[in-house]
Amino acid sequence: MGITELLQLRYFLKLAESEHLTKTAAKLRISPPSLSSSIKKLEQELGVALFTRSKQRIYLNENGKAFYQYVNRSLSILDEGIESLHPIKNYALSIALTSQSVYADMLYAFEQKYPEIPLKASTLTYSDVMNTETLNRFDFYLGIIEDLNTSEREIIQLCSSESPVVMISRNHPLASKRTLRLEELKNMPFISITQENSSATQFVFRVFEEAHFKPRKFFEGNYLVRQKMVAENKAVAITTMVGAAANALQSPQVTFIPVAEIKATRTQSVSWPKQKPLSASEKKFIRFCQHYFKIHPWI
């Protein structure tokens, strides 16, 4: 395959993933007419149309969807082959997180499957995540979409968006309710995790703000302290079911009830800086993240 044909396939892959001619051309740093011409030439060589076009948009047709699967696999294999010629470039992937416990099992599984690709994970504060310069020092961020400047990141969602739940003692009079309004808990202290600038605590504050709610008393503590205070009916907590699965010990004394009338969400994702060229190792990591949580959902 000649250089021109290989370039056409890479252009096709990017356009297929975005289905937006102008944005794709900008990412590839070519003009929209050049990109359009390259794709049309590819279609002519194949003898079939790969996209359906209208004045408003361009999107993959059935031929394009089938062809995309082959091109994606083929270019991934080719990139791995190129990378294998330069093993010295196989540096550790730097991973930023705001919660080690949520992703610990997945990162361990990746290292077991790909021992040749070392990982270096670092826990960031909420302010670190909001700082583009700081976040872009890492190859990937595993964490909450709602914490990100989405215009500057390529993002793949790893699970459904989650709404808040109240972590509450089963001995509490309201523990049998199917949903709870925060106002019903106005006489209860709340507890959140002690962590400077934590993403989890910022989420709790967003929930309070949306509900126009101010807790009577607000404690901070580690996960064990939170569990103990809730189990003993001394406080309640705001979390999500993913957060609970990763950080709350299984206890018959604690239950979780959805918070009513709140739109604030938390959505787990893997992301990286826009326009960053991805190595074969980095593509493996992305595919592994997507596959892992389909096979091992958090809840």
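Hi everyone, let's start with contacts: among those in the chain between residues at least 6 apart in sequence, 76% join residues at least 24 apart. Contact here means heavy atoms within 4.5 Å. Before going on, a word on what we are looking at. This is a predicted model, where local features need pLDDT of at least 70 and side-chain atom pairs count only at pLDDT 80 or more, while totals for chains, interfaces and linings use all residues. Residues are numbered from 1 along each chain as its sequence is written, and side-chain values use heavy atoms, with hydrogens and water left out.

Now the overall picture. The chain has eleven helices and twelve strands; these are DSSP runs numbered from the N terminus, with helices being H or I of at least four residues and strands being E of at least two. The C-alpha trace spans about 70 × 45 × 35 Å along its principal axes. Of the 299 residues, 44% count as buried, and buried means under 20% relative accessible area, with exposed over 50% and partly exposed in between, using a 1.4 Å probe and protein chains only.

What about charge? There are 37 positive and 29 negative side chains, and the centres of the two sets lie 3 Å apart. Lys and Arg count as positive, Asp and Glu as negative, while His and the chain ends are not counted. Each charge is placed at NZ of Lys, CZ of Arg, CG of Asp or CD of Glu.

H2 (residues 21-28) packs against H3 (residues 32-46) at an angle of about 100 degrees, with axes 8 Å apart. The axes are lines fitted to C-alpha atoms, for helices over the stretch in contact, and angles run from 0 to 180 degrees between N-to-C directions. H2 and H3 are therefore roughly perpendicular, a label for 65 to 115 degrees. On the H2 side, Leu21, Thr22, Thr24, Ala25 and Leu28 meet Pro32, Leu35 and Ser36 of H3.

Glu19 is not a glycine, yet its phi is positive, about 50 degrees. Asn233 also has a positive phi without being a glycine, here about 65 degrees, and it sits in the loop between helix H9 (223-231) and strand S10 (237-239). Glu19 is partly exposed at 26% relative accessibility, and Asn233 is partly exposed with a relative accessible area of 26%.

Next, is Ser199 buried or exposed? Ser199 is buried, at 3% relative accessibility. This serine lies in helix H8 (residues 199-211). Not counting residues up to four places away in sequence, Ser199 touches Thr98, Tyr126, Ile144, Asp147 and Arg266.

Last stop, Glu282 in helix H11 (residues 280-295). This glutamate counts as buried, at 6% relative accessibility. Leaving aside neighbours within four places in sequence, Glu282 is in contact with Leu93, Asp139, Phe140, Lys276 and Pro277. Glu282 and Ile117 are 165 residues apart along the chain, and their C-alpha atoms are separated by 9.3 Å.

Notes:
Angles under 35 degrees count as roughly parallel, over 145 as roughly antiparallel, 65 to 115 as roughly perpendicular and the rest as oblique.
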